[in-house]
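Let's take a friendly walk through this model, starting with its pocket and then turning to the sheet.

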Amino acid sequence: MTPVYVSHMPISVLMSMESLQILSNNSTWELYQNEFGVITIPALLSASTILVVFIILWKTLRKGSKKRTDPSRTVTADDTVPDWAVNEGAIYENTPGLRDSVLEKWELPSEWCIQDRVILCMGHYGPISRAHLKGEGIANEKQEVVLKELSESASPGETQDFIDLMRFHVQVCNHDNLVKMLWCRTETSPLCLVLKAVRPGNLLRFLWRSREGGLTAKDPIYKITEKQVYSMATQVASGLEYLSGLHNLVHGFVAACNVLIHHDLSVQLCGLGLAASMHRTGRMPARRAAQVPIKWQSPERLAEGSVSEKSDVWSFGILLYEIVTLGAPPYPNTEPQDLLPKHQKTFHMEQPDQCTDSLYEVMRICWRWDPSERPSFTDLMKKLQNNMSRADDMKLLTATDSANQSDYEQITGIIL
């Protein structure tokens, strides 16, 4: 038999070997525990993170589904959807050639023809032209019109937006101080919106022409007095009151360049694209709203992107400044990027030379820092009408220099 020497080993050696075995077993268990922890703990953390994110998303979506459009609530950039989501994601419901039940009776008769078309500028959707409209059986009678056409390269979403703009004119623009649609063309390309032409036309250019002494001597329409300033302002306020009060809409860019003036000095608001988008979706398109020049935006709009009736009131105060100065650019000595810091220090434009204290006071209340302290358009109309009864209707407003379009565009950021 083979001798067994283990029994003859010292007890200390046997205990050492047993200890090594136990230590080896413990090390293996600890290694197993470490490997288990390395795998299990991150997995548990990942699972808990996913669960938390799921709960947050579920609560957000639930809250959003319950949230309804509140006309009194300020519209902020956080509430808006990107323009690409509104345009590119829109369902193209109105294919050219198919009748639209809302627009059908406004369809331009096929036998009527458009003549003498002259392109004025490029608008948001496509070319804007001045032309004449001639009906069948009418020998020499032509009606001067303005055409807003949709670009041939428009996407389906942009086409839908343009058709919704036509619907907006039919359904909303039923006020004397909002530009009105005469006809539309939806059954053939290019899609077109037909507006009545207005003479003299754009208020900003009208104010610039009022600076010319020779022109004011020839045509009394260009003789502007303080009373006429109040008259124009009251009409604009009336149109804005109608939009905000009856339709819960915001214009978004109240400025002289977005007002039309007739030969009898009646005025109409135009530039209603932002209001039309808001009417369609219940939201203000963030990207387009951000393109409004800074010098017409209220402090809260510059800081937070919030757009409301009260931000339109702020812009209305800028419009008053434009009218009484015969089209001078606002904040002429301030760079756009410096405006918000100055607003935070309660900075306001100084009282223009030809502006009375009562008119300047109206501007100042429009420029109150806290939106809740600014008047509504209903209150503004009452104040303007009260002041108009005492306004000077004899002294003409003048300007020492002629308007320079290039300088104006550089100072304001508006491309005319």
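## The largest pocket

In this predicted model, 43 residues line the largest pocket, and those nearest its centre are Cys 121, Ile 128, Cys 257, Asn 258 and Cys 270. Several elements each give two or more residues to this lining: the strands are E1 (113–122), E2 (127–134), E3 (143–149), E5 (192–196) and E6 (200–202), and the helices are H3 (156–171), H4 (203–209) and H7 (273–281).

If you are thinking about volume, the largest pocket holds about 1,600 Å³ of space. Sorted by class, its lining has 24 nonpolar residues, 12 polar ones and seven charged ones.

## The five-stranded sheet

Now for the sheet. Five strands form an open sheet with antiparallel pairing, in the order E1-E2-E3-E5-E4. At its edges are E1 and strand E4 (181–185), each of which pairs on one side only. On average, neighbouring strands of this sheet are turned by 25° against each other, with direction ignored.

Which residue in E3 is the bridge partner of Arg 130? That partner is Val 146. The antiparallel pairing of E2 and E3 runs over six bridges.

## A helix against the sheet

H3 packs on the sheet, where this helix touches E3, E4 and E5. The direction of H3 makes about 30° with that of E5.

Methods: Residues numbered from 1 in each chain as written. Predicted model: local features only at pLDDT ≥ 70, side-chain atom pairs only at ≥ 80, totals over all residues. Heavy atoms only, no water. 1 Å grid on protein atoms, 1.4 Å probe; cavity = no way out; pocket = protein on both sides within 12 Å on 5 of 7 lines; lining within 4 Å. Points joined across faces, edges and corners; volume = space filled by probe spheres on them. Helix = DSSP H or I, 4+ residues; strand = E, 2+ residues; numbered from the N terminus. Nonpolar A, V, L, I, M, F, W, Y, C, P; charged D, E, K, R; others polar. Pairing = 2+ DSSP bridges. Axes fitted to C-alpha atoms, helices over the stretch in contact; angles between N-to-C directions. Contact = heavy atoms within 4.5 Å.
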